[in-house]
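Subject: Structure handover

Hi,

Here is the structure for you to look over. My notes come after it.

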Amino acid sequence: MNDVNHENVRPTSLRHLVGMTKIREQVQIAIDSSFADGTKFPSTLLVSEPGLGKSELVSVIKHEMAVELHHIIGSSVGHISDLNGLLLGAGDKDIIYINEADSLKPEYQVALYLALDRGKVVLSGGKSGKSPQSIPIPDVTIILDSNFEFSILPALRDRMKQVLYVPFYSEDELAEILRRRVRALGWTVQDEVLPYLASLSKGTPRQALRLLSASYRVSRSGEEKVVTLGHAQRAVGLEGLDEKGLTIPEQSYLRALADGVSRLGVISSRIAMPTSTVQRVVEPYLIRSGLISKDEGRRELTAAGREHVARTRGES
């Protein structure tokens, strides 16, 4: 098997998850309480940056609760019938998981919380002239996930019984995630590879697993059976990542600031990306890692940022 994200190699129980200690404790309490009372898992909102394992956590909850999981992406709901079909097609205690729930249109968010409050959906008579029909919905668990918590309507957000904020991972935790995935896949990887990849992954399992997969492809391209540090370094180089794991757009952003550019619109033009993408994709890690600061619409390099740009320019 060579798919790091294959269902057969992903965790199926809380004890197999690495990191997020507080969340695992909260989820375990919710599961134990649900079994003790014979009730469904409480409806939940998961919040984090992309790639931190929200979908994997939902899959683990599904296995622990021994229920069916109905998964949909918010933006794929194009009509109220899509939402009604999702609610009516589930069984009691099943989990309905709406991924990227902030992309669910406001009118469908309203319809969802009304259905939860009333315990039913209302089907209009349409052009036939028939009276609207109310149909009870099963007693389901709703799990929403979002990278942008406050893009979800407060009325829907407040109906979630718990809100779980998924944290970033330490390098040791990422290395352990990779170690377990390698073992599950049956790959042979040199010991120094995993900490190296973890150090470039920005606290994000998705990035770490993607780099592991890229390193494996490099090794297999030469028909080798052991993934070495050399394979990993070549894979990282092909990705265009620098010593901190910064992508090419992130590196370009820092160089623009080093050249004296400070306005978002100009930076956006320099790196050929829309301003909204720069703000939501490029800037968050640069701010979190202390490489840049923002003040009243201006961006500037921190001392660490200036040092990093000087070092990388000197090496190029």
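Below is what I found, by topic.

Keep in mind that this is a predicted model.

Helix α6
Start with α6, residues 171–185. At 1.5 Å a residue, its 15 residues should span 21 Å, and the end C-alpha atoms are 21 Å apart, so the two values agree. Its buried residues are Leu174, Ala175, Ile177, Leu178, Arg181, Val182 and Leu185. They cover an arc of only 155° around the axis, so they sit on the same side of α6. The background is simple: an α-helix has 3.6 residues a turn, so residues three or four places apart point the same way. The face turned away from the buried side carries Asp172 and Arg183, both exposed. What does the buried side pack against? The partners are α2 (54–65), β8 (188–189), α7 (193–199) and α8. Just after α6 comes Gly186, with a positive phi of about 80°.

Nonpolar cores
The largest nonpolar core has 47 residues. Those with the most contacts inside it are Val27, Leu57, Ile61, Trp187, Leu197 and Leu212. Elements giving it two or more residues are α1 (21–37), α2, β3, α6, α7, α8 and α9 (229–239). Which element gives the largest share? That is α6, with 6 residues. Ile61 touches Val27, Phe41, Ile95 and Ile143, leaving aside residues up to four places away in sequence.

Strands β2 and β3
Ile72 also turns up in a strand pairing: its bridge partner in β3 is Ile98. Strand β2 (residues 69–73) and strand β3 (residues 95–99) pair in the parallel sense, over 5 bridges. Between them, the chain crosses through helix α3 (residues 80–89). This β-α-β crossover is right-handed.

Most residues other than glycine have a negative phi. Glu223 is exposed, at a relative accessible area of 69%. Is Ala272 buried or exposed? Its relative accessibility is 68%, so Ala272 counts as exposed; the cut-off is over 50%.

Best wishes

Methods:
Residues are numbered from 1 along each chain as its sequence is written. This is a predicted model: local features need pLDDT of at least 70, side-chain atom pairs count only at pLDDT 80 or more; totals for chains, interfaces and linings use all residues. Side-chain values use heavy atoms; hydrogens and water are left out. Buried means under 20% relative accessible area, exposed over 50%, partly exposed in between (1.4 Å probe, protein chains only). Helices (H or I, at least four residues) and strands (E, at least two) are DSSP runs, numbered from the N terminus. The expected span of a helix is 1.5 Å times one less than its number of residues. The arc is that of the directions from the helix axis to the C-beta atoms. Contact means heavy atoms within 4.5 Å. Two strands pair if DSSP finds at least two bridges between them. A crossover is right-handed if, with the strands pointing away from the viewer, the path from the first strand over the helix to the second runs clockwise. A nonpolar core is a set of buried Ala, Val, Leu, Ile, Met, Phe, Trp, Tyr and Cys residues joined through side-chain atoms within 4.5 Å.
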